[in-house]
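I opened a new notebook page for this structure.

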Amino acid sequence: MSSKKHVAGKKSKDSVFLYALSTCPWCKKTKILLEDLSITYDYIDVDLLVGDDQNEVVAEIEAINPQGGFPTLVINKTEVIVGYKPEEITAALS
């Protein structure tokens, strides 16, 4: 999937993936928080995908987050944090 973007940080011990929307203020705040924490992460802006690519990613999100809310942050493919929760995100990644 070519729309996935990578952000390099100083800390990369965890696998961190963010499902976001380009127009979502909470998604933007989550990206800023991850960068402030110097976390290496990958993300995808789901609303910028089209057709089958978007359908595939939406299905991925629904499998881990049935409510489908944004942002959806996945840490080490096991921990899921939905919404902008800075304290929870910081604790999970420290």
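**Entry 1: a pair of strands.** I began with β4 and β5, the latter being residues 79–82. They pair in the antiparallel sense over four bridges. I kept in mind that this is a predicted model. Next I looked for facing residues. Leu73 stands opposite Ile81 in β5. Thr72 has Val82 of β5 as its bridge partner.

**Entry 2: the turn between them.** How many residues lie between the strands in the hairpin of β4 and β5? I found three. Among the residues of this hairpin I noted Asn76, which takes a positive phi near 55°.

**Entry 3: the other partner of β4.** I then checked β2, residues 16–20. β2 and β4 also form a pair, antiparallel, over four bridges. Here Phe17 stands opposite Val74 in β4.

**Entry 4: the faces of β4.** Thr72 and Val74 lie on one side, and they are buried. Leu73 and Ile75 lie on the other, and they are buried as well. I wrote down that both faces of β4 are covered.

Entry 5: I traced five strands in an open sheet. Their order is β1-β3-β2-β4-β5, and the pairing is mixed. β1 (5–7) and β5 stand at the edges with a single partner strand each, so one side of each has no neighbour in the sheet. On average, neighbouring strands are turned by 20° against each other, direction ignored.

**Entry 6: helices across the sheet.** I turned to the helices. α1 lies across β1, β2, β3 and β4 and runs at about 160° to β2. Helix α2, residues 51–64, lies across β2, β3, β4 and β5. Its angle to β2 is about 110°.

**Entry 7: a length check on α1.**

**Entry 8: the buried face of α1.** Which residues of α1 are buried? I listed Cys27, Thr30, Lys31, Leu33 and Leu34. Seen down the axis of α1, they fall within an arc of 160°, so they line one face of the helix. I then looked up what the buried residues of α1 pack against. I found β2, β3 (41–45), β4 (72–75) and α3 (86–93).

**Entry 9: after α1.** Last, I checked what follows α1. Ser38 does, and its phi is positive, near 60°.

Key. Residues numbered from 1 in each chain as written. Predicted model: local features only at pLDDT ≥ 70, side-chain atom pairs only at ≥ 80, totals over all residues. Heavy atoms only, no water. Buried < 20%, exposed > 50% of the residue type's maximum accessible area, 1.4 Å probe, protein only. Helix = DSSP H or I, 4+ residues; strand = E, 2+ residues; numbered from the N terminus. Arc of directions from axis to C-beta. Contact = heavy atoms within 4.5 Å. Pairing = 2+ DSSP bridges. Axes fitted to C-alpha atoms, helices over the stretch in contact; angles between N-to-C directions.
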